[in-house]
Amino acid sequence: MEEAPAVRARGITKSFGDVVALDGVDLDVTSGQVHGLVGPNGAGKTTLLGLLLGLAVADSGRLEILGTPVGRTLAVPDGVAGFVDGPGLYPSLTARQNLSALAALRRYDAGRTSGVDEALEQVGLTDVADDRVRGFSLGMRQRLGLAAALLTTPRLLVLDEPANGLDPAGKHHVHRVITELAANGTAVVLSSHRMDDLAALCSDVTILATGRVVFSGPLSKLAAESGELDYRLLTSDPAAAHRLAAETPGLRVVPGRDPGQRTDAAVVVRGPVEALDDLVVRLVGAGVALRELGPVVTPLEAAFLALTGTGTVSARNDQEDPR
Amino acid sequence: MTATVTEPRADARPAPVLHGYRFELVKLLSQWRIRLLLLACWIAPAAFVAAVSLQSSLPADTVFGRWMNATGWAGSLVVLDFSCSWALPLLTALVAGDVFAVEDRLGTWRHLLVAVRSPRRIFVAKTLASLTVILLLVAGLAASGIAGGLAAVGDRPLAGLDGHLLGPADAAGTVLLAWACVLAPTLAFAAVGLLGSVALGRSPMGLLMPALLAFALQLAQLLPLPVAVQLAMPSHAFLAWRGLFTSPAQSGPLLLGLAVSLVWAVVATALAYRLFLRRDFTDLTYDGSGRQVLVTAVLPLAALVAVTIGVIGTATPATGSGIDKGKLQDSLATAYAHLYRLQTQELHRPEVTEAQLQATASCDKGGSLVEDEGAGNDWRCVVSWRLPGATAVGNAIYQLDVTADGRYVADGDGPKEVNGYFQVRTPNGDAPNPLWQFDGNVDLLAASTQKD
Ligand SMILES: Nc1ncnc2c1ncn2[C@@H]1O[C@H](COP(=O)(O)OP(=O)(O)OP(=O)(O)O)[C@@H](O)[C@H]1O
Ligand SMILES: [Mg+2]
């Protein structure tokens, strides 16, 4: 049997009164894919994820989830789990009670608590399993929300800003859980404001700006679309590096915006990767040691800022402004 | 059954109501507020009844209060009377008035919807769960009051509101029946609480709705409203249970009160259901439907009151205040005869029967210038009776304070040796003369027996 895509959305439109939250959105997510959803505040990410969970229906457009067309609210097929706008948890119940109640509701054998324990362990909350959720931190709640979603062994996992408030250990747990799920064939759609998280987790991203898709595709393609980037060089001889960079064809030295940056002796240049390679050869040839070389912002972040027209950091490249 | 777990269904079915119900119950019982309420309802009445029953000053302004150290059953009835005026509306407000709103406060609607997949079932589960908790609370009030009274005073006969004695078994049955009857208005208030909780979202006004309604109805009870209006109120059954304690029972107002309460319960629940299914759960900032509440909740209930008043006004013999000279005279004479017999027994005089006494009463309200009708503390009655073998007719004077709900307190005004204050030695210790002050209740719905 040919497996249906986890999500297939075509021309999804959703308005709240005068506000057009989603405007002709297409989205494709295949199983085993971790798909990131990014966009500025109010771009429509939560609205789109809510549609995937069946919390609302689109005003127009077609939405198929796990091969089933979704026409009315709460009619999404089994196998979809997740949360939007924070995990729904009951503060007067313990972590374990929250999960057991949910398991019972979804008709998973409530007596078989191993599922609950497993889920708690997967997100690293075993130690606080019998504490009331009232005292949980933001990050612990996020992790418990993820554990709740794991209980139903989902085939489509929908997460709205799952990395919100996570400490490095929590992030590690969450990333591992998501990666494992994807490896086992679960499709994951998540939104985030953290570009580094997305870059680490996602194979594909969709960028939304004011309800429209401005980019959708693999991360690698996005990096290519971001065009010229700013790179930061740390060398043993900043003055010489500065001079050599200025001489390299195709490269431009970006004047330091922050006077404080001068003191750490970094040089920021802009240009294509080939020109950068040239500069490195020149530096080494001139006996200047190269200690660090990296993009000032990640390609994803650069693309994001460029595509959504919200940033100025390195957005003055040749990308068209979506507005 | 088990195979379905691995086999993904095309379209997820909603969670069974029973599971949802259990979840709602767990959520309710995990709240400290509810736990404290339960604890209080199961302990406080017993402590109160036991403590008060052993004192000499009794809460005589509450019906049955003056009998608290005569029988253990009176304590529970004092608790019942108090619960009817405040505790039950407040309990329902705290439980039912919050079951829906709590999800708004916690922002868990989406979560719950994704888990249950059916707003209908969520509504049913929440309604049943809050009902269960309310029943537990009422059962606690009843059981605790009875236990406190029986432990402190004992299982003794209870004098009814017409003075006739109910044997212990009769008393037990009637007390339990009275508690069962007030479940109906409690359900009505609970339904109003549900409606408030659904309609007003997280705003605390929803929580207050049953309490506000109770307060408004309490105020209305103080007014000399026509009997048709009084009986149309959903709280009337909170008073009408008193009619169970006369012989024969004043079943008319009680049955009507139960019917009105149940209609309220059904209508308010239906309104809440309709409002609930219409609401938009994706809106996190939902603060209730605001002005819409007026149209969808308050107006239908106001219309219900109007219709009920109309129906009661045309279909029953209820007219005016429902309190008139004839009814008071009959009620007072009956109570006097029963209590006279009790007094005779307590004073170890020769037995008389009510029939031999042939007690009659003649009442007048506020002198000749005032019409002899309605509530007031200016009723003055003269009771006449005969003793077997004696030719003289005895006369005793009573001042009556009659309230609009049909309850009255008769205060003996002489002669002293008949209805003055003195202590009588009873097998259970000293007690005030039973003819000195006593409670009575007139049937607001009964056809007037006034002959003149
Ligand atoms: N229930 C609603 N009623 C009215 N407007 C809404 C509602 N939900 C969302 N919107 C509007 O739709 C637009 C998209 O909102 P959405 O919450 O999807 O954005 P988002 O991308 O999740 O933003 P953020 O990054 O801040 O979480 C916003 O303009 C918002 O005001
Ligand atoms: Mg959002």
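Predicted model: local features only at pLDDT ≥ 70, side-chain atom pairs only at ≥ 80, totals over all residues.
**Entry 1: the interface**

I found 30 residues of chain A in contact with 33 residues of chain B. I noted next that the size of an interface is often given as the accessible area lost when the parts come together. Chain A and chain B bury about 2,900 Å² between them, and I recorded 60% of that area on carbon and sulfur atoms.

**Entry 2: polar and charged pairs**

I then turned to specific pairs across the two chains. The count between chain A and chain B is one salt bridge. I traced the salt bridge to D85(A) and R110(B), with the closest N and O atoms 3.5 Å apart. I also counted six residue pairs in polar contact between chain A and chain B, both residues at pLDDT 80 or more.

**Entry 3: the side of chain A that touches chain B**

I asked which helices of chain A each supply at least two residues of this side. They are helix 1 (45-53) and helix 2 (95-105). Helix 2 of chain A gives the largest share, four residues. By class, I listed 19 nonpolar, four polar and seven charged residues on the side of chain A that touches chain B.

**Entry 4: cavities**

The largest cavity holds about 90 Å³ of space. I looked up its lining and found residues of chain B, among them H236(B), R242(B), Q250(B), D405(B) and L444(B). By class, the lining of the largest cavity has five nonpolar, four polar and three charged residues.

Note on methods: Residues numbered from 1 in each chain as written. Chains lettered and ligands numbered in written order. Heavy atoms only, no water. 1 Å grid on protein atoms, 1.4 Å probe; cavity = no way out; pocket = protein on both sides within 12 Å on 5 of 7 lines; lining within 4 Å. Points joined across faces, edges and corners; volume = space filled by probe spheres on them. Nonpolar A, V, L, I, M, F, W, Y, C, P; charged D, E, K, R; others polar. Contact = heavy atoms within 4.5 Å. Buried area = accessible area lost by both parts, 1.4 Å probe. Salt bridge = Lys/Arg side-chain N within 4 Å of Asp/Glu carboxyl O. Polar contact = N/O pair within 3.5 Å; in protein donor to acceptor, adjacent residues only side chain to side chain.
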